[in-house]
Amino acid sequence: EVVRAIGTLEQQIEAVTIIPGATEHGYAPAQVTEVTGTGASRVINRNVSYATTDWQASLDELQALCPNLKRVSLVVTWFGTDLRADHCRVVPGVEVAARQSESVAWSVSGIARSSAHVVSEVNGGPAFGGTPNDAAVLAAIADLKARGLSVTLYPLMMMDVPAGNGLADPYGGSGQAAYPWRGRITAMADRSAATRAAIEAFCGSATAADFAIGGGAVSYTGTGEGYRRMILHYAHLAALAGGVHSFILGSEMRGLTRLRDAADAFPFVEALT
């Protein structure tokens, strides 16, 4: 298949966002394999026959179709588990709890596959892809830079709240809606001391001092989960990658940024700052 730009629109596109954001090895430029049975294996991150990996195929086609592309935003996803801020875990997730002889072991923020949150299922399969492997994110950033592109790193939350979850709904329903929008995370009350406490619970206790860069990876020595751990992890990962052009945090979290405490301050905005 020959791919080239033939119109004017393609010439005008200078920036794109790379998704899905939830893909265990989909961002890896090199092949990742797993054993599927006796004498059988598959390449996890290749579904085409004309390139080494899906990443290589996609980026080659993108640059062929958008010759003036300058910037990309790379989305990386962790998962929230509850619309109530003080009950919501913020964790990396995997599609399956185990893979046989995975050629590149999945690991995010020092969490191995066996210890990671396993996403819920829909119709017998995972509702989401998993969080991108840290090694894949590093390799993707390096490849994008080598292609002459500026990189925005974009940590994003997806809500792994399945149907029939039985969780109390902060909006007054009989249960939380299945797979809701991240912007609906909230606290049970506004303008109260409990609001600040709920947001502090959501953010967690991680600090920059809990992270270290070494051996080509980012390690975490803190004990908590939370939004701060997710954001600070990717800040360190960006540093390990040699830096990025820009970094996005707090995207679409309007349910939290609008909440006030008893003093009419905005605790989640303070946390983002």
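Is Asp190 buried, exposed or partly exposed, going by its relative accessibility?

Analyst: Asp190 counts as partly exposed, at 33% relative accessibility. The model is predicted, and every value here is computed from it.

The partner of Asp190 is Arg260: the two form a salt bridge in which the closest N and O atoms are 3.1 Å apart. Asp190 sits in the loop between strand S12 (150-159) and helix H4 (193-203), while Arg260 sits in the loop between helix H6 (254-257) and helix H7 (267-272). The pair thus links distant parts of the chain, 70 residues apart. Arg260 is also partly exposed, with a relative accessible area of 21%; the cut-off for buried is under 20%.

The loop between H6 and H7 also holds Asp261. Asp261 forms a salt bridge with Arg196, and here the closest N and O atoms are 2.7 Å apart. Because Arg196 lies in helix H4 and Asp261 in that loop, the pair ties together parts that are 65 residues apart in sequence. The two partners fall in separate accessibility classes: Asp261 is buried, at a relative accessible area of 6%, whereas Arg196 is partly exposed at 24%.

For context, the count of salt bridges comes to 17. Another of them joins the side chains of Arg89 and Glu225, at 2.7 Å from N to O. Arg89 is in the loop between strand S4 (71-80) and strand S5 (90-91), and Glu225 is in the loop between strand S14 (217-220) and helix H5 (227-240), so this pair ties together parts 136 residues apart in sequence. Both ends are partly exposed, with relative accessible areas of 38% for Arg89 and 34% for Glu225. Elsewhere, salt bridges link Glu24, Glu34, Arg42, Glu95, Arg99, Glu102 and Arg113 in a network.

Strand S12 and helix H5, named above as flanking elements, come up again at the cavity. S12 and H5 each supply at least two residues of its lining, and S12 gives the largest share, three residues. The lining divides into six nonpolar residues, two polar and one charged. Among the lining residues are Pro155, Leu156, Met157, Arg182, Tyr227 and Met230.

Conventions. Residues numbered from 1 in each chain as written. Predicted model: local features only at pLDDT ≥ 70, side-chain atom pairs only at ≥ 80, totals over all residues. Heavy atoms only, no water. Salt bridge = Lys/Arg side-chain N within 4 Å of Asp/Glu carboxyl O. Helix = DSSP H or I, 4+ residues; strand = E, 2+ residues; numbered from the N terminus. Buried < 20%, exposed > 50% of the residue type's maximum accessible area, 1.4 Å probe, protein only. 1 Å grid on protein atoms, 1.4 Å probe; cavity = no way out; pocket = protein on both sides within 12 Å on 5 of 7 lines; lining within 4 Å. Nonpolar A, V, L, I, M, F, W, Y, C, P; charged D, E, K, R; others polar.
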